[in-house]
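Subject: The structure I promised you

Hi there,

Here is the structure we talked about, with my notes below it. Please open it in your viewer and follow along as you read.

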Amino acid sequence: MREATDIATYLADLEDIPGTQVFTAQRARQGYHLNQCAMSLMKPENRERFKADERAYIDEWPMSEEQKEALLARDYNRLLNLGGNIYFLAKVFSTDGISVVQGVSTMTGMSVEEYQAMMMAGGRSPVGQRSIRENN
Amino acid sequence: MREATDIATYLADLEDIPGTQVFTAQRARQGYHLNQCAMSLMKPENRERFKADERAYIDEWPMSEEQKEALLARDYNRLLNLGGNIYFLAKVFSTDGISVVQGVSTMTGMSVEEYQAMMMAGGRSPVGQRSIRENN
Amino acid sequence: MARITHGIGCSHIPVLGYAHDHGKDGDDYFKPAFAGFDWTREWITAPDSRPDVVILVYNDHASAFDMKVIPTFAIGCGESFTPADEGFGPRPVPVVEGHPDLAWHIAQSLVLDEFDTTIINEMEVDHGLTVPLTMMFGDVEKWPVKVIPLAVNVVTYPPPSGNRCWALGEAISRAVSSFPQDLKVQIWGTGGMSHQLQGPRAGLINKEWDNRFLDGLTGEGQDLRHVPHIEYLRETGSEGIEMVMWLIMRGALGKSTRALHRHYHVPVSNTALGHIVLEPVDPTVPPSRTLEGGSPIAQKMIA
Amino acid sequence: MARITHGIGCSHIPVLGYAHDHGKDGDDYFKPAFAGFDWTREWITAPDSRPDVVILVYNDHASAFDMKVIPTFAIGCGESFTPADEGFGPRPVPVVEGHPDLAWHIAQSLVLDEFDTTIINEMEVDHGLTVPLTMMFGDVEKWPVKVIPLAVNVVTYPPPSGNRCWALGEAISRAVSSFPQDLKVQIWGTGGMSHQLQGPRAGLINKEWDNRFLDGLTGEGQDLRHVPHIEYLRETGSEGIEMVMWLIMRGALGKSTRALHRHYHVPVSNTALGHIVLEPVDPTVPPSRTLEGGSPIAQKMIA
Ligand SMILES: [Fe+3]
Ligand SMILES: [Fe+3]
């Protein structure tokens with residue numbers, strides 16, 4: 001029993017959830033500068049500079065080209081895959097003047113209207129969404 | 001027994017040591033800006049500004065007049081009494097270009113030479129210096 | 001002596017702050033969400049139940065803490081805390097006044113009790129802290145309570161376990177009851193309930209699980225302290241993990257509780273809104289096993 | 001698998017860094033202090049005993065952390081750490097390279113093991129960390145080891161208890177031995193021994209107590225974990241409390257140890273210099289009582 005209780009087993013389980021990227025150390029490390037860059041948009045003067053020239057602004061951060069392209073494209077699923085964290089990326093939603101619902105809906109493959117209709121109907125059911133290996 | 005184990009009893013004991021100011025929360029709060037000001041002297045540009053006009057520099061910090069006077073006078077025992085912490089105050093030693101031994105000796109009522117001689121002879125004995133109430 | 005009189009659980013959904021600040025709380029969409037707080041707003045300002053201080057357990061959402069420093073438990077010991085600019089200007093709500101005397105007392109007691117707390121003297125506070133204040137007190141010139149922020153890392157994995165959170169609550173109860181001033185203290189656990197803000201699975205809601213969780217907070221049961229992180233993630237969405245913070249609140253209430261009020265509403269934005277007001281029935285918490293002063297040698301040193 | 005091969009205790013007296021950096025380590029005053037490290041310098045670079053990584057337990061002296069944020073235990077997970085300017089320019093020593101893989105592994109394991117660690121990704125390191133590196137490795141172009149800084153609050157009261165420090169060491173040992181890469185890891189406890197830098201009582205030295213402490217680090221005894229803070233303060237001076245950090249090192253070595261080398265010298269500046277090299281005899285540490293994965297529900301979730 002004791003052997004199965006270490007951090008490695010714990011972490012392996014976190015990868016078993018459909019459509020979900022848990023913000024583990026590995027992702028935190030990969031996305032470090034991406035997230036720090038997104039967080040810098042909390043300052044109004046940085047938001048202005050970002051809006052004036054997005055590419056120039058993000059070139060100040062030591063991110064990978066892939067991360068930069070995904071950020072310019074507002075491809076949030078890709079950003080999550082590259083170590084982005086949603087609370088940091090939400091500063092980009094605000095900068096773009098879109099709501100959290102709008103931003104989040106872009107990751108689901110639904111239109112905002114479809115996503116909102118799903119939420120009004122009680123949200124996405126956990127059935128079939130719990131585990132990749134158990135398919136439940 | 002359990003009643004005697006809370007933080008209040010713990011803290012009361014810390015006040016029972018001769019010639020010693022333990023850096024408790026109370027002192028940390030009282031000395032907050034004094035210590036932050038001393039720590040700012042880690043930056044070379046701040047050391048220059050401080051040396052150019054000490055009073056003007058420390059007036060930028062919301063310290064009490066008593067703290068300011070003690071700092072200008074390099075009265076370290078008084079600074080400890082007013083919430084200063086030695087690791088923060090040591091940035092003032094460095095700024096003044098004096099060694100830690102020199103700075104520390106000023107608090108003991110000895111000359112640097114007397115203090116150094118005491119250290120060379122094995123340091124101050126703990127005998128009689130352990131407890132005010134036990135006088136041991 | 002100070003004592004913990006009640007615990008409150010409450011989601012801290014940012015759009016509720018927005019709705020309140022822009023006078024939209026009467027709109028059809030928001031009305032049922034806010035209506036469930038009418039009872040609490042009346043109760044919490046009544047002379048018998050009004051608290052002097054709230055220990056407000058919440059998480060920072062990349063506002064005060066960036067990736068440079070990630071404390072597991074951080075207790076705000078400052079005089080006051082300013083609302084953060086989360087990307088569209090700070091919320092137009094009062095500055096939050098702290099209670100440094102009690103906060104430092106708790107912080108010091110926790111360290112002696114072998115909780116490895118981080119002390120914070122200056123920080124801004126985001127919707128995680130200000131939205132629950134708005135839900136409870138509405139539109140005020142000045143918050144009618146002092147607030148001790150207790151920030152918990154639930155963003156970078158792993159967050160503290162449910163068991164550790166519950167145990168922290170127990171230690172907070174011990175610390176509060178050794179504070180000499182006569183104060184009524186509430187503890188609030190915030191965040192949740194089920195929600196997921198990321199990826200193709202975003203929008204997940206689990207009413208059954210959330211309501212079982214609310215059930216589990218009352219009575220004598222301690223099953224919730226053993227729910228592992230992976231269960232929150234699978235059942236309640238990636239952001240449902242915030243519910244571990246409610247367990248700090250529950251742990252601080254002691255052996256058994258009863259609910260005075262309960263409210264659940266779906267949807268608010270992406271999230272299931274939950275709210276509960278709990279009263280201790282038997283507030284006993286276990287004695288510290290670990291307090292430095294509890295060791296025989298320490299006892300001998302203490303006159 | 002990674003394993004903790006040895007523990008080292010070592011004072012981190014700033015003037016020794018100064019003496020080294022200015023070529024004064026051969027001076028009459030400093031020579032006996034440095035001479036006690038000759039054995040260690042040879043031993044630690046020998047192929048059998050040279051470590052790949054050092055977990056370096058130290059305290060920051062108002063260099064990286066000001067009064068705004070005071071973490072009890074902070075683990076450096078960054079790629080590298082630059083020497084701090086403590087008031088007269090940074091020491092002319094190499095940048096300290098971290099081991100983020102192992103550091104994050106330990107940090108995560110500790111949180112699951114119910115230690116409320118703070119993760120630090122960017123910080124400067126002061127004499128508390130760089131002086132022990134100099135004492136062990138001398139004048140080098142590049143430190144021959146990776147270093148994981150573990151900063152402990154021993155400045156603002158209360159520091160963690162001796163028992164908590166020892167238990168943290170045990171948890172670090174468990175974490176290291178679950179790291180899959182084959183690494184020789186040393187753990188160093190630094191600071192102390194007896195000294196007081198403040199007030200009329202400054203200059204206090206207690207050779208008897210210090211040497212009993214060194215004795216207590218070897219063998220099977222665990223008495224040191226129960227020494228209360230007030231005893232360090234009374235017996236070893238206000239800055240002698242730094243010795244609690246040696247207990248993290250000792251705890252990580254397990255059930256029993258033996259000393260390979262020992263050195264004690266008074267005075268160096270205001271301080272009693274102590275140094276010890278320890279080898280585990282029986283490295284067993286107790287299993288975690290608290291690991292989230294240890295709960296039956298978590299076990300069921302783990303396939
Ligand atoms: Fe939240
Ligand atoms: Fe030190």
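How many residue pairs are in polar contact between chain D and chain B? The count is 24 residue pairs, both residues being at pLDDT 80 or more. A polar contact here is a pair of N or O atoms within 3.5 Å; within protein, one must be able to donate a hydrogen and the other to accept it, and residues adjacent in sequence count only if both atoms are side-chain atoms.

Before we go further, a word on how to read this. This is a predicted model, in which local features need pLDDT of at least 70 and side-chain atom pairs count only at pLDDT 80 or more, while totals for chains, interfaces and linings use all residues. Residues are numbered from 1 along each chain as its sequence is written, chains are lettered from A and ligands numbered from 1 in the order in which they are written, and side-chain values use heavy atoms, with hydrogens and water left out.

**Chain D against chain B**

Chain D brings 45 residues to this contact and chain B brings 50 residues, where contact means heavy atoms within 4.5 Å. Between them the two chains bury about 3900 Å², 60% of it on carbon and sulfur atoms. Buried area is the accessible area (1.4 Å probe) that two parts lose on being put together, summed over both. D:Met67, D:Arg201 and D:Arg234 supply 17% of the area that chain D buries against chain B, more than any other three residues.

There are also four salt bridges across the interface of chain D and chain B. A salt bridge is a side-chain nitrogen of Lys or Arg within 4 Å of a carboxyl oxygen of Asp or Glu. D:Arg234 forms a salt bridge with B:Asp16, with the closest N and O atoms 2.8 Å apart. Helix H8 (229-236) and strand S10 (256-268) of chain D are the elements that give two or more residues to the side of chain D that touches chain B. Helices (H or I, at least four residues) and strands (E, at least two) are DSSP runs, numbered from the N terminus. H8(D) gives the largest share of that side, five residues.

**Chain D against chain C**

Here 41 residues of chain D are in contact with 41 residues of chain C. Chain D and chain C bury about 3600 Å² between them, 56% of it on carbon and sulfur atoms. Two salt bridges are found across this interface, and C:Asp116 and D:Arg164 meet in a salt bridge at 2.7 Å, N to O. The interface of chain D and chain C has 18 residue pairs in polar contact (both at pLDDT 80 or more).

**The iron ions**

Which protein residues are the donors of the iron ion (ligand 2)? They are D:His12 (NE2), D:His61 (NE2) and D:Glu242 (OE), lying 1.9 to 2.1 Å from the ion. Donors are N, O and S atoms within 2.8 Å of the metal (3.2 Å for Na, K and Ca); water is not among the atoms, so sites may look incomplete. Along the sequence, these donor residues are spaced H-x48-H-x180-E. D:His12 sits in the loop between strand S1 (3-10) and helix H1 (14-21) of chain D, and D:Glu242 in the loop between H8 and helix H9 (244-252) of chain D, 230 residues apart. D:His12 counts as buried at 3% relative accessibility, and D:Glu242 counts as buried at 1%. Buried means under 20% relative accessible area, exposed over 50%, partly exposed in between (1.4 Å probe, protein chains only).

C:His12 is buried at 3% relative accessibility, and C:Glu242 is buried at 3%.

**More salt bridges**

Over all chains, the structure holds 46 salt bridges. One of them joins C:Asp85 to A:Arg47, the closest N and O atoms being 3.3 Å apart. This pair crosses between chains, from the loop between strand S5 (80-81) and strand S6 (96-97) of chain C to helix H4 (residues 44-52) of chain A. Both C:Asp85 and A:Arg47 are buried. A:Asp13, A:Asp16, A:Arg133 and C:Arg234 are linked in a network of salt bridges.

Happy exploring!
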